[in-house]
Amino acid sequence: MATIRNDIQIDRPADAVWDALRDFQAVHRRVAPGFLTDSKPDGEGVRIVHFANGTTARETLVACDDERRRLVYAIIGGRAAHYNASVEVVAEDAEGCRVEWIIDLMPDEFADYVRGQTRLAAGDMRRTMGRAR
């Protein structure tokens, strides 16, 4: 199993970033609107996300922990045999935070593609949730 880890610095207070990330059905508007083009609810705690590259994924909310500012989701079906991810917002100081985005997936051969896509998503997250200096 491959593990992909992204540490994303964001120039915004942790609570503001968490407010956007925990809004599971608005990820395409509040978190990564350039990387994602749409997100539609598909039942309780499930969304179909549409990526800018034309692909889609059905993501299921596994856990949302407001105290730890941690959200876990899984993709069931699709190209990966296993895909589970967590995003956790860690306060760095009063004005900035870090998002720890960890993905476990199989097969290992799929990791390079997902790693490249998450780099694009991370840049979009910084631009969308951060603030200009």
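The structure is a predicted model. Buried residues account for 44% of the 133 residues in the protein chain. The charged side chains comprise 19 positive and 22 negative groups, and the centres of the two sets are 4 Å apart.

The C-alpha trace of the protein chain spans about 40 × 30 × 30 Å along its principal axes. The radius of gyration of the protein chain is 14 Å, which agrees with the value near 14 Å for a compact globule because that is what 133 residues would give. Of the contacts between residues at least 6 apart in sequence, 47% join residues at least 24 apart.

The protein chain contains 3 helices and 7 strands, arranged from the N terminus as β-α-α-β-β-β-β-β-β-α.

In soluble globular proteins, nonpolar side chains tend to be buried together. In this model, the largest nonpolar core has 38 residues, and those with the most contacts inside it are L21, Y83, V99, W101 and M125. Two or more residues are given to this core by each of β1 (2-10), α1 (14-21), β3 (46-51), β5 (70-75), β6 (82-93), β7 (96-106) and α3 (111-129). The element that gives the most is α3, with 6 residues.

Y83 is one of the core residues with the most contacts inside the core. When neighbours within four places in sequence are left aside, Y83 is in contact with Y73, A74, I75, I103, D104, L105 and V114.

Conventions
Residues are numbered from 1 along each chain as its sequence is written. This is a predicted model: local features need pLDDT of at least 70, side-chain atom pairs count only at pLDDT 80 or more; totals for chains, interfaces and linings use all residues. Side-chain values use heavy atoms; hydrogens and water are left out. Helices (H or I, at least four residues) and strands (E, at least two) are DSSP runs, numbered from the N terminus. The radius of gyration is taken over C-alpha atoms; the globule rule is 2.2 Å times the number of residues to the power 0.38. Buried means under 20% relative accessible area, exposed over 50%, partly exposed in between (1.4 Å probe, protein chains only). Contact means heavy atoms within 4.5 Å. Lys and Arg count as positive and Asp and Glu as negative; His and the chain ends are not counted. The place of a charge is taken as NZ of Lys, CZ of Arg, CG of Asp or CD of Glu. A nonpolar core is a set of buried Ala, Val, Leu, Ile, Met, Phe, Trp, Tyr and Cys residues joined through side-chain atoms within 4.5 Å.
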